[in-house]
Structures are given as C-alpha cells and as structure tokens.
Amino acid sequence: MKVLRFFLLAAVLFPALVSCDFYPVTITVRVQDEAGHDRLDPNSEYFIGAEISAVYEGMTYPVEIVVPETKAYCAQFFGLRLCQNWGHGGFYLEFGEFDGSTSQDVTVELLWPDGTSDTIHTRHILFTPLAVANTWRLNGKKVDPPIILVK
C-alpha cells in the first residue's frame with residue numbers, strides 16, 4: 001500500500017515540477033513630475049511620452065502607444081511601449097519582453113525629450129525552475145520595482 005501511495009504522489013508531483021511556465025521579463029517604468037503629475041498620460045498637459053525612446057544593444061526603439069490586451073505568457077520582444085494600467089490608473093513605459101526561462105543581464109537606456117537619459121539594468125537569475133532572482137538598478141543604484149522616475 002505504501003508503494004502505491006508513493007507512485008500516486010510521484011505521478012501528481014512530477015508533472016508539476018518539470019512543466020514550469022516562466023513569466024517573461026519586462027522593464028516597467030512610471031514617470032511623474034515633482035508634483036506627482038503622470039508624465040505618460042497622453043490626455044495630460046504634462047505628457048512627454050511621444051518623444052521617449054530606448055536604446056538596447058545599440059538599437060534605438062521609439063515608443064509605441066498600445067491599447068491594453070490580454071496577457072499571453074509567451075515572451076515576444078516588442079521594444080518600448082507606453083501603456084495604460086486600467087486596474088490602478090495611470091500610464092507606464094514597458095520594455096521587453098525577455099524570455100524568463102533563461103538567466104540574463106539586460107541594460108536599457110531611456111532617452112528623454114530634454115536630452116537626458118536614464119539607464120536601467122536588470123539581472124534575471126534562474127537557479128532552478130522554482131528559484132528565480134531579479135535585481136534592478138537605476139543609473140547604477142539598486143532599486144525595487146516599480147521604478148518611478150521624476151522628470
């Protein structure tokens with residue numbers, strides 16, 4: 001009877017341990033001014049989103065304004081997007097997606113309309129399918145998501 005229980009337990013646990021879905025890695029940034037105005041809201045007088053671009057591995061990606069979609073869990077690289085967060089309000093920039101099933105270092109430079117830039121570095125380490133670590137740096141300083149910039 002113990003052997004049967006062991007095999008039944010193994011039959012249930014084995015697929016759960018070997019068939020892992022990995023979330024893709026994206027860099028998400030909200031931008032506001034000192035007064036807290038959303039700088040990425042296209043309907044706001046404070047909007048700077050149309051002139052933002054990102055540089056990744058020597059290529060420049062202009063911002064693409066998107067309408068919210070259903071999230072698919074297959075990583076598909078799209079570059080830089082300006083998105084609206086329907087659940088919490090406000091707008092944010094998103095850069096990616098990068099395959100979450102592999103360890104990697106990603107560095108992206110955001111170029112702003114005033115000629116300044118900010119560099120975001122993320123390190124995604126996949127120890128095992130159930131143990132993943134992410135670290136984030138903004139201009140060399142450790143930060144935690146969500147990354148909020150004041151511009």
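Lys151 is partly exposed, at 25% relative accessibility, where buried means under 20% relative accessible area, exposed over 50% and partly exposed in between, with a 1.4 Å probe and protein chains only. The structure is a predicted model, in which local features need pLDDT of at least 70, side-chain atom pairs count only at pLDDT 80 or more, and totals for chains, interfaces and linings use all residues. Residues are numbered from 1 along each chain as its sequence is written, and side-chain values use heavy atoms, with hydrogens and water left out.

The side chain of Lys151 meets that of Asp118 in a salt bridge of 2.8 Å, N to O, the term standing for a side-chain nitrogen of Lys or Arg within 4 Å of a carboxyl oxygen of Asp or Glu. Because Lys151 lies in the segment after S10 and Asp118 in strand S7, the pair ties together parts that are 33 residues apart in sequence. Asp118 is buried, with a relative accessible area of 8%.

## The other salt bridge

Two salt bridges are found in a search of the whole structure. Arg123 and Asp105 also meet through their side chains in a salt bridge, at 3.5 Å from N to O. This pair links distant parts of the chain, with Arg123 in strand S7 (residues 117-128) and Asp105 in strand S6, 18 residues apart; strands here are DSSP runs (E, at least two residues), numbered from the N terminus. Arg123 is partly exposed at 43% relative accessible area, and Asp105 is partly exposed at 48%.

## The sheet

Ten strands form an open sheet of mixed pairing, in the order S9-S8-S7-S6-S2-S3-S4-S5-S1-S10, two strands being paired if DSSP finds at least two bridges between them. Strand S9 (141-143) and S10 stand at the edges with a single partner strand each, so one side of each is left without a neighbour in the sheet. Within the sheet, S2 and S6 pair in the antiparallel sense over three bridges, and Ala54 has Leu110 in S6 as its bridge partner.

## The nonpolar core

The largest nonpolar core has 26 residues, and those with the most contacts inside it are Val29, Leu80, Leu93, Phe95 and Leu110; such a core is a set of buried Ala, Val, Leu, Ile, Met, Phe, Trp, Tyr and Cys residues joined through side-chain atoms within 4.5 Å. Leaving aside neighbours within four places in sequence, Leu80 is in contact (heavy atoms within 4.5 Å) with residues including Ala54, Leu93, Phe95 and Leu110.

Conventions:
Helix = DSSP H or I, 4+ residues; strand = E, 2+ residues; numbered from the N terminus.
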